[in-house]
4 protein chains.
Amino acid sequence: MMPDLDAIVADIIATMAQAEERGAVAAYIPELAKVDPAQFGIAIVTADGRMITGGDADTGFSIQSISKVFALTLALGKVGDQLWERVGREPSGNAFNSITQLEHEQGIPRNPFINAGAIVVTDVNLGGHQPRVAIGEMLRFLHYLCEDDSIAINEAVAASETATGFRNAALANYMRAFDNVRHPVDLVLGSYFHQCAIEMSCRQLALAGRFLMLDGRHPGGGRVVSPRRARRINALMLTCGHYDASGDFAFRVGIPGKSGVGGGILAIVPGSASIAVWSPGLNASGNSQIGTQALEELARHTGWSVFSPPVVED
Amino acid sequence: MMPDLDAIVADIIATMAQAEERGAVAAYIPELAKVDPAQFGIAIVTADGRMITGGDADTGFSIQSISKVFALTLALGKVGDQLWERVGREPSGNAFNSITQLEHEQGIPRNPFINAGAIVVTDVNLGGHQPRVAIGEMLRFLHYLCEDDSIAINEAVAASETATGFRNAALANYMRAFDNVRHPVDLVLGSYFHQCAIEMSCRQLALAGRFLMLDGRHPGGGRVVSPRRARRINALMLTCGHYDASGDFAFRVGIPGKSGVGGGILAIVPGSASIAVWSPGLNASGNSQIGTQALEELARHTGWSVFSPPVVED
Amino acid sequence: MMPDLDAIVADIIATMAQAEERGAVAAYIPELAKVDPAQFGIAIVTADGRMITGGDADTGFSIQSISKVFALTLALGKVGDQLWERVGREPSGNAFNSITQLEHEQGIPRNPFINAGAIVVTDVNLGGHQPRVAIGEMLRFLHYLCEDDSIAINEAVAASETATGFRNAALANYMRAFDNVRHPVDLVLGSYFHQCAIEMSCRQLALAGRFLMLDGRHPGGGRVVSPRRARRINALMLTCGHYDASGDFAFRVGIPGKSGVGGGILAIVPGSASIAVWSPGLNASGNSQIGTQALEELARHTGWSVFSPPVVED
Amino acid sequence: MMPDLDAIVADIIATMAQAEERGAVAAYIPELAKVDPAQFGIAIVTADGRMITGGDADTGFSIQSISKVFALTLALGKVGDQLWERVGREPSGNAFNSITQLEHEQGIPRNPFINAGAIVVTDVNLGGHQPRVAIGEMLRFLHYLCEDDSIAINEAVAASETATGFRNAALANYMRAFDNVRHPVDLVLGSYFHQCAIEMSCRQLALAGRFLMLDGRHPGGGRVVSPRRARRINALMLTCGHYDASGDFAFRVGIPGKSGVGGGILAIVPGSASIAVWSPGLNASGNSQIGTQALEELARHTGWSVFSPPVVED
């Protein structure tokens, strides 16, 4: 039987409103530090097209690293499996902004969902153009996925990151030394910071994730990616989507997800749901404290998990 | 429609017989180095109880690290979630026998499926008894899971590992210094090496994995573990089951699996199948070369993947 | 008895001319890669003011990291022991351009003679001014030490490093993230690359090192630094002056020295001699192959070593 | 003018008696944790044979890692420079008991003065014999150096280390896996722990170090080692003698030294003095807090430093 999502969402909203441990808002990007940590939103799109929302589901937030999922999808569309010559597919065993691994592995980042890997993906997506061309392409891709042309960049956030993004500048320069960043570093970072500063609501984000729920299909018709590619992106989200807490997320929640330091998480139940949650406070691993908890509750109530026999819905 | 497993298995057997790159047999355990690398076996048990086999499916081999799945199951039965105070749940980002991470993280291994983690699990399972008691318990557990009392230890392999297992002795002593190994090191290692030296065939191994396919149920009736625990063990297999190639296995094959340096892999399709493959040659990451390839083929032909919508079977 | 330095130098020139293993010229700075590797020069200034030279002792070369000794001396003059809050005094155990250590130690480089440490020293020396001010000060300091106003920067080398110095840019940005670089990164690197591109001959470099031989005194009168500071700079040269081959240099040669990837080495025998050698080919650790060998020969012939009873000279 | 050592020593004794920050006694070896931290002793032997002592100069203490100097001397006597195929000569950049570096460098320890390196040296000194043979040889060597047959092992300390030395057991087993420990691990550790448990007073230790002050000569006549070997051992003491605080000791004190976790330090002024200090409390790097401070005072008062022009004595 299909779980009663309206009731479950209402329950989660109530529970999360009372949660005391809400994490800390990302302080290293000044513009993000201003966000009110009391907010929480959730949006679920099901395979049959229903949309269930709760809380601040229509408030825009900075998607930050969740953009790495869409950037990866675009890069695979451009260069296909050649991408894997420049980025690995393994969990990193390190923090999201670690540079140690790059030294040990000759400038090849471990996966496309840590900062270093996403910077290489951004370099691929630049393709010899100016950042504004690449950013325009990314926005058009999101407009298409969400069927919503209002998605845009928060320029204040982009400026804030540009002014303080020294660790990302270190990563980009380091990989440039190994020729694994090939455009001028400032262009790559300009593109990267703008992509991270895209603002979306939970509702929009859940819509954007539908193709990963549907084996690559766009619900409006046609294919975004092949079934194999959709599966593989889901696999990367599960093994690498939560930085060095990916194993814990798989253990506790059990579905592919990608978090961002803006406090959002996009999570996918293949064949069943595309889910977005958002709450700005982060836990020690840099993932949304309340968002993670909400997804754990949701998985418990619905039985959604890629590690159990499929829920029979009738 | 249910895939025609007999035809698929026959096809895989034929393909693998012709594979030229077969990997290298583990050389660091002298007794394993003697095994004929040309062998390949496969066994699939489905949720409805069918058994499909191919190749050397009834030849016994050393299960090695696959035993870590069963040892973990036993330890969780003994101490429950307290286990996670002594072992992490994250992919390691290092080789299976790495000691570096232990130094950085104060003697707490990253997960129960790398050697250090499995040694802690073994320490838990000893529970103040002699190794033969713990080993006896493990064998009885496997006899129950497989409904087959013939499963036993290959004493020559156990002796071979005891004589050469210096890196494991280093790991155990290192964790003893942090009080994360609590029995005398030689008892813990004695138990660990015997557990690794258990010999099973693909047929037996596939039978042993059924409870992970069935959300924790024993097909003969009753529960082995709770549904939540079964899901969580599957999650750990997916994120950590192939050492530092776990991400790649999830990407290419897309189902939870646990490999051993004896060349075996146990793989689980929740709700659909428990699969065992075996071929002794290992790839650079220490996982069966041909076994991995066979599982990739199997997943491709059947559509089995935890990252795509469930296959509708009728 | 004072060793016959003329004869010893003649002997060394002859031996080095025949050396077959001459190392490889630094390839990562394009301008340096053009230098003829067959060259070798040596200059020795004794405490009583004699100058003994041999080979290409008057050919200018890029002093590169040897500039770190003079930059450190200037920085200590500006901020004294406060410098040690921002830079350590320990050998690094890593390559000269490693970034791993910075991650483990929160942006504090291990010593002022690896690149990261020298970048912090450069940041201190900038003191809120433009790079040309800091560079001007450095050149005036060298003019004073050598009593020679002809010392200048090779602008082609500076430009070459600026265009390719991505690893140094990574280091500087990384430390900027920890607020251990405080001026804009491009200004710090501009100053750093120009300082490395100073061109000096062996004769000039040996003259510049006299204050370290003379417990801080300028042979022309007055003090460059206090005796204690001179001793301490010599100590840092001995423990950290040859990157991750510093221990080997102390073991084989036994006197404080600082090498540069231009192939020069400045070496100090306290109370006895200031020595400069130069040959462009580098060994695997990034130190002059022939230069190191020449200093080992010189130490053997003269008995100069800080680790043996002083040579009685009459 | 020769410094007035009697007055200087009296002054140091008075100063150190009032020092408030005295460090913490090594807690990881239970038997050492019992030692009274208020004790302090000093003994200086000069090149002309004078002995100046102060405080608890005749109280025996566990020499611990200072034994590594004598073990190295014996091993070089047995296998000469072949030793350097199995042990490096570089500062480690890590704690004394770190295992990380061994993994990165294939079981070759960085130098003979960290635990891993000393274990290899012990393995060399075993030479196929039982530990008691090697230990007997070591004791006879110390009897000869000190002209004092009373030096012996504190068996309670040896037993205490054997019972708790798990990190050393980890190091030994790890190197055994790389064939860089070649005798059974328990024999090597038995020998190693007994060697560390040798008990000496400051007076005895200063006498034992005389050959390193005298370019290898025994003051009673004959040679202990060649001048070149004496210099090289001094060089290793300077670059590696204080674990990961070796650079700081060279910077602050400026003479070769080797510390032990028993609180002793042996320090050598080539041509001038062999010095032993002892106070049980350790600083954060594992070196005697008061002992280091006393040597810094001594160096300041006497002008002794290998990094300044030799003190003219008349």
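## A strand pair in chain C

Let's start with one pairing in this predicted model. Gly257(C) has Ala267(C) as its bridge partner, and Ala267(C) sits in β8(C).

Chain C has an open sheet of five strands, and if you walk across it you meet them in the order β3-β2-β9-β8-β7, with antiparallel pairing. Which strands stand at the edges? They are β3 (51-55) and β7 (257-259) of chain C; each has a single partner strand, so one side of each has no neighbour in the sheet. From one strand to the next, the twist averages 10°.

Helix α1 of chain C, residues 5-18, lies across β2 (41-46) and β3 of that chain. Its direction is at about 15° to β3(C).

## Where chains A and C touch

Now for the contacts between chains. On chain A, 12 residues are in contact with 12 residues of chain C. Two elements of chain A give two or more residues to its side of this contact: α3 (100-104) and α7 (166-177). The largest share comes from α7(A), with eight residues. Sorted by class, chain A's side has six nonpolar, three polar and three charged residues.

## Helix against helix in chains B and D

Helix α7 turns up again when you look at chains B and D. Here α7(B) and α7(D), each covering residues 166-177, pack with their axes 7 Å apart and at an angle of about 165°. Because the cut-off for roughly antiparallel is over 145 degrees, that angle makes α7(B) roughly antiparallel to α7(D). The crossing of these two helices is left-handed.

Who does the touching? On α7(B), the residues include Phe166(B), Ala170(B), Asn173(B) and Tyr174(B). On α7(D), Phe166(D), Ala170(D), Asn173(D) and Tyr174(D) are among them. Taken together, the residues of this helix contact divide into 10 nonpolar, two polar and four charged.

## How chains A and B are related

What rotation superposes chain A on chain B? One of 180°, with 0.0 Å of shift along its axis and an RMSD of 0.0 Å. The two copies are therefore related as by a two-fold rotation axis. Within chain A, Gly93(A) has the C-alpha nearest that axis, at 2.3 Å from it. Both copies use the same surface, too: 100% of the contact residues of chain A recur in chain B.

Methods
Residues are numbered from 1 along each chain as its sequence is written. Chains are lettered from A and ligands numbered from 1 in the order in which they are written. This is a predicted model: local features need pLDDT of at least 70, side-chain atom pairs count only at pLDDT 80 or more; totals for chains, interfaces and linings use all residues. Two residues are in contact if their C-beta atoms, placed from the backbone, lie within 7 Å. Helices (H or I, at least four residues) and strands (E, at least two) are DSSP runs, numbered from the N terminus. Ala, Val, Leu, Ile, Met, Phe, Trp, Tyr, Cys and Pro count as nonpolar, Asp, Glu, Lys and Arg as charged, and the others, Gly among them, as polar. Copies are superposed by least squares on the C-alpha atoms of residues with pLDDT of at least 70 in both. Axes are lines fitted to C-alpha atoms, for helices over the stretch in contact, and angles run from 0 to 180 degrees between N-to-C directions. Angles under 35 degrees count as roughly parallel, over 145 as roughly antiparallel, 65 to 115 as roughly perpendicular and the rest as oblique. A crossing is left-handed if the near helix is turned anticlockwise from the far one by less than a right angle, and right-handed if clockwise. Two strands pair if DSSP finds at least two bridges between them.
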